[in-house]
Amino acid sequence: RERVTFFDDKSFYMDGAIKIGNFLFSGKNIAFHYDDFSFDFSKNSVLSFIDEKSLQRSSSLIYFDDGQLLLDSCNNKSGLTRLNDFPRFQVFEKSDFAYFDKNISFILEPFQINYLHDVALTNLTFPGQLYVASDSVNFRGVLRFDSNFDLATNINNVDSAYLFNNRVLFSGDLSLNSRGLFASGLFESDELVFQSNNLGLTTHRIFGYVDYVSNGISLNSTSFNVDNILLSYFPYKKQFLVKSKENTINLYSDLNFMGDIYFDGMDMNGSGKLCNTNYLFDSSHHYFSDSSIMSADATCQFFNSDSTIMLKASSVSVENNLDSDSIFIFSSNNNFELLSVKHTLDFDLLILDMSQKIMSFSNNNPSEEGSLIANLYSKRGLVYSALDVNYNWADNEFCVESVFPIPVKKFLIQPDNNSFCFNSTGELPMFKNATIIKNRKLFKDKLINHVDVEISPSLKLTWIKD
């Protein structure tokens, strides 16, 4: 609630605002002294600007604690004589400049404005010091009104200045306007090295599109680089988010990543597609360390040399050991699809030796068999079980060991030595010296030993007894 309190006859205190020309002075406990014919402003007073013709309000604000508005000469209180020097306003101490909805730190030097009725805002200048991220390091600038009716300044050719309490080394240009504080140039820190033509800076954050970004020295073990990407960086927390919609991030020098990378100050994580010429892992949570990459709830694809899909799996956990060039894939519910030999496999664990080009399937319990489906056989495939499976994709050789009797209609086929290998087209071999077990409901199962057995795609048996 505004108030007016009189003292000393014609003097008074007031809460409110005073408009003169394009200037609006506001505050509390404003003192009007009749003898000086002036208004004295106390702490937390505000100078704002308004276009007298269009009534457009500027978002530029000056906060001051000790200012005086002189209305006229003490000898001309009646205004009989026009003195162009009046009204005039002056601030005796340093003041703070800010925008209506932006948190910045620009400290103005004491200033004086004469001819308040007549002065053009475009002729005004406000020199001061710009403080970036509340640092002790400051940059001298001069505020002037721009085409948007706001105070702005450009500070060019900054040479190797440390920002964010010595956490970021910056070289380039700074621009302050009603949209905020922006920078163009090179930034270097322990976490990141990046360059941009237009990045936003706040007291705790650097954000915007960068032309180039790579890891800093503290993240050499999880190295990465990418061009033209969106960056959000929090230097005090040593955290950052790199977002890529189209461009590929180069990881560990030999991997490609399409997605987002987030560093929380301790660990580097990602969400997206990780790939090279051999495989692709798509996951909403990758964890990157110096020697491995962990991927949760991932969709996997492995490729042949001609880029066709060799193996695929979904909803699996992946541990990619970079030092040993081996990959562990854990599956709890979903099957592995080995397309090269037209097989579906239900196992807990798949280990890939990328250097030897060998896959090994097994279960967590070594004595528990896994289920396999040979999809070339019959409409539903030939279902059988084994403890261990190996696939050499260099030679396209698929072999099963510790095989349980293979059910084919009313028969069970037990291969010799309980192991065999499919041919390169995914077809069963002729089982040499096998045992045929005929399932008879009313009588004991009949065994036919030392038989050479061939199984057709329609599951028709042909055998020759030695």
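## An exposed aspartate and its neighbours

Asp35 is exposed, with a relative accessible area of 61%. Here "exposed" stands for over 50% relative accessible area, "buried" for under 20%, and "partly exposed" for anything in between (1.4 Å probe, protein chains only). The areas themselves come from the Shrake-Rupley method with a 1.4 Å probe, and for residues only the protein chains shown count as cover. Keep in mind that this is a predicted model: local features need pLDDT of at least 70, side-chain atom pairs count only at pLDDT 80 or more, and totals for chains, interfaces and linings use all residues. Residues are numbered from 1 along each chain as its sequence is written, and side-chain values use heavy atoms, with hydrogens and water left out.

So where is Asp35? Look in the loop between β3 (23-33) and β4 (38-41). Strands like these are DSSP runs (E, at least two residues), numbered from the N terminus, while helices are runs of H or I with at least four residues. On the surface, Asp35 gathers with Asp8, Asp9 and Asp36 in a patch of negative charge. A patch takes residues with over 30% relative accessible area and no salt bridge, and joins like charges within 9 Å (for nonpolar side chains, namely Val, Leu, Ile, Met, Phe, Trp and Tyr, the limit is 5 Å). Asp and Glu count as negative, Lys and Arg as positive, and His and the chain ends are not counted. Each charge is placed at CG of Asp, CD of Glu, NZ of Lys or CZ of Arg.

## Opposite charges that pair up

Side chains of opposite charge can pair when their charged atoms come close. A salt bridge here is a side-chain nitrogen of Lys or Arg within 4 Å of a carboxyl oxygen of Asp or Glu. How many salt bridges does that rule give? The count comes to 4.

One of them joins Glu52 and Lys19, at 3.9 Å from N to O. This pair links distant parts of the chain, 33 residues apart: Glu52 sits in the loop between β5 (45-50) and β6 (57-64), and Lys19 in strand β2 (residues 11-20). Glu52 is partly exposed at 44%, and Lys19 is partly exposed at 41%. Another salt bridge brings Glu109 and Arg140 together at 2.4 Å, N to O. Glu109 belongs to the loop between β10 (102-108) and β11 (111-113), and Arg140 to strand β13 (residues 138-145), 31 residues apart.

Then there's Asp452 with Lys432, at 4.0 Å from N to O. Both are in strands, β39 (residues 446-455) for Asp452 and β38 (residues 431-438) for Lys432. Are these two buried or exposed? Asp452 is buried at 13%, whereas Lys432 is exposed at 51%.

A disulfide is a covalent bond between the sulfur atoms of two cysteines. In this model, a pair of cysteine sulfur atoms within 2.5 Å counts as one, and a search of the whole structure finds 1 disulfide. Which cysteines form it? They are Cys399 and Cys421, with sulfur atoms 1.9 Å apart. The link is right-handed, with 105 degrees about the S-S bond. Cys399 lies in strand β34 (residues 397-403) and Cys421 in strand β37 (residues 420-422), so the pair ties together parts that are 22 residues apart in sequence. Cys399 is buried at 14%, while Cys421 is partly exposed at 32%.

Cys275 is in no disulfide, and the nearest cysteine sulfur, that of Cys300, is 13 Å away. Cys275 is buried at 12%. Cys300 is in no disulfide either, and Cys300 is buried with a relative accessible area of 0%.
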